[in-house]
Amino acid sequence: MPRNTRSPFLRTAVAVAAVAVGLSVLAACGDSGKGSDKSAEPGAGAAKGTADPSTSGAPTATPTTAATGTFAVTHVGGPTTLLEVGGLRLLLDPTFDAPKKYKSGLEKLHGPAFGPDKLGRVDAVLLSHDQHDDNLDDSGRELLKKVPVVLSTPGAQKRLGDHVTGLKSWQSQELKTAQGTVRVTAVPALHGPDGVDRGADGEVTGFVLSGAGVPVTYISGDNASVKVAQQVGDRVKKEIGPIDTAVLFAGAARTPAILDNAPLTLTSKNAALVAKNLAPRQVVPVHTDSWNIYSEDLASLVKAFQEQGIADKLVDVAPDGSKKNLS
């Protein structure tokens, strides 16, 4: 994408950035622990999901041929994103509250593109972490009770209950559908700068989707580390296959109260470096809008990708609830 060309994506980025001008960064955002093995039933159109304790080491390599069926994304707002892949409808980090302030100091500035009543079937929620309102708000907590499979961190299982399956890093769960099997593998994520241990408050996970006919998809979660993402990418490429799609949580979330205002999610520059290092076919950027924690926006993300010469990888997913084909 030439720098003097205003693509629809860049126009969207500038529009979103304009809304965000002048917003203060006030509050906090959220590594892995104990795993859990259990079975659950996804909703209509999907069969049984089973946690596989044998995968706490290397994930099992699976064919990564052309995708079967729909591969699409719908960005609802913030990190909340619906992925349709392998016959499943997978929801990332549900946040459906209207604009409000939270006891944590976080503030939601804009509501979602639509409410939970407009979601349709959700077979599973992939929850990066539960500690922070911008990744799981009040409405999102209520939604979890209605979803047959919820995959998250071991800490989330302890806090939210056994309806949640807590996966250690590199542990997997298989979700079977009429089209086949989607393997969901938990992968490391660091909710802050390299070398920092935030303890339980910083426990967060990313995910990788794979399976026969399923495009290998990396979901970063609230990871701020280029090094961690590179380590994940290297292992995924070696043991599963090349990454087709990367869903990157960006926005450079910051708060003066945590780590001297260090970025808690990917900066625009680091998101571009992750994309260049992992070399996916396409990048879906999320978690840059709707909350008061972001210090960078879509426009800066586009600029960073332009500087790395990979702006053509960006998928235009404005948080407007429209479905975009990823095939």
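# Close-up views of a predicted model

**View 1. Strand S13 and strand S14 (residues 217-219) run antiparallel and are joined by three bridges.** Helices (H or I, at least four residues) and strands (E, at least two) are DSSP runs, numbered from the N terminus, and two strands pair if DSSP finds at least two bridges between them. This is a predicted model, in which local features need a pLDDT of at least 70 and side-chain atom pairs count only at pLDDT 80 or more, whereas totals for chains, interfaces and linings use all residues. Residues are numbered from 1 along each chain as its sequence is written, and side-chain values use heavy atoms, with hydrogens and water left out. Across the two strands, Val208 has Tyr218 in S14 as its bridge partner. The hairpin of S13 and S14 has six residues between the strands, and Gly211 in this hairpin takes a positive phi near 145°. On S13, strand S12 (residues 180-188) also pairs in the antiparallel sense, through six bridges. There, Arg183 has Ser210 in S13 as its bridge partner.

**View 2. Leu209 belongs to strand S13 (residues 205-210).** Its relative accessible area is 0%, so Leu209 is buried (buried means under 20% relative accessible area, exposed over 50%, and partly exposed in between, with a 1.4 Å probe and protein chains only). The rest of the strand is likewise covered, as six of the six residues of S13 are buried. Thr205, Phe207 and Leu209 point one way from S13, while Gly206, Val208 and Ser210 point the other way. Apart from neighbours within four places in sequence, the contacts of Leu209 include Leu83, Val85, Leu90, Leu126 and Val216 (contact means heavy atoms within 4.5 Å). Arg183 is another contact of Leu209; the two residues are 26 apart in sequence, and their C-alpha atoms are 5.7 Å apart in space.

**View 3. Strand S4 (residues 80-85) has six of its six residues buried, so it is largely enclosed by the rest of the structure.** Both faces of S4 are covered, with Thr80, Leu82 and Glu84 on one side and Thr81, Leu83 and Val85 on the other. Strand S3 (residues 72-77) pairs with S4 in the antiparallel sense over five bridges, and Thr74 stands opposite Leu82. Two residues lie between the strands in this hairpin, where Gly78 takes a positive phi near 60°. Strand S5 (residues 88-92) also pairs with S4 in the antiparallel sense, over five bridges. Val85 has Leu88 in S5 as its bridge partner. The hairpin of S4 and S5 has two residues between its strands, and Gly86 in the turn has a positive phi of about 60°.

**View 4. The largest nonpolar core holds 31 residues, of which Tyr218, Val236, Leu248 and Phe305 touch the most other members.** A nonpolar core is a set of buried Ala, Val, Leu, Ile, Met, Phe, Trp, Tyr and Cys residues joined through side-chain atoms within 4.5 Å. Helix H4 (226-239), strand S15 (245-249), helix H5 (268-278) and helix H6 (298-307) each give two or more residues to this core. Leaving aside neighbours within four places in sequence, Leu248 is in contact with residues including Tyr218, Leu266, Ala271, Val274 and Val284. A second, separate core has 27 residues, among them Leu92, Leu175, Ala186 and Val315.

**View 5. Strands S15 and S16 run parallel and are joined by five bridges.** Val247 stands opposite Val284 in S16. Five of the five residues of S16 are buried; Gln282, Val284 and Val286 point one way, and Val283 and Pro285 point the other way. Thr288 lies in the loop between S16 (282-286) and H6. With a relative accessibility of 7%, Thr288 counts as buried. Beyond its neighbours within four places in sequence, Thr288 is in contact with Ala250, Gly251, Tyr294, Glu296 and Leu298.

**View 6. Arg235 lies over the face of Trp170, 4.1 Å from the ring centre.** A charge sits over a ring if NZ of Lys or CZ of Arg is within 6 Å of the ring centre and within 35 degrees of the ring normal.

**View 7. Residues 1-8 have a pLDDT under 50 and twelve contacts beyond four places in sequence in the model.** The pLDDT is the predictor's confidence in each residue, from 0 to 100. Residues 14-48 also have a pLDDT below 50, and this stretch has 126 contacts beyond near neighbours in sequence in the model. The chain averages a pLDDT of 84, and 79% of the residues score at least 70.
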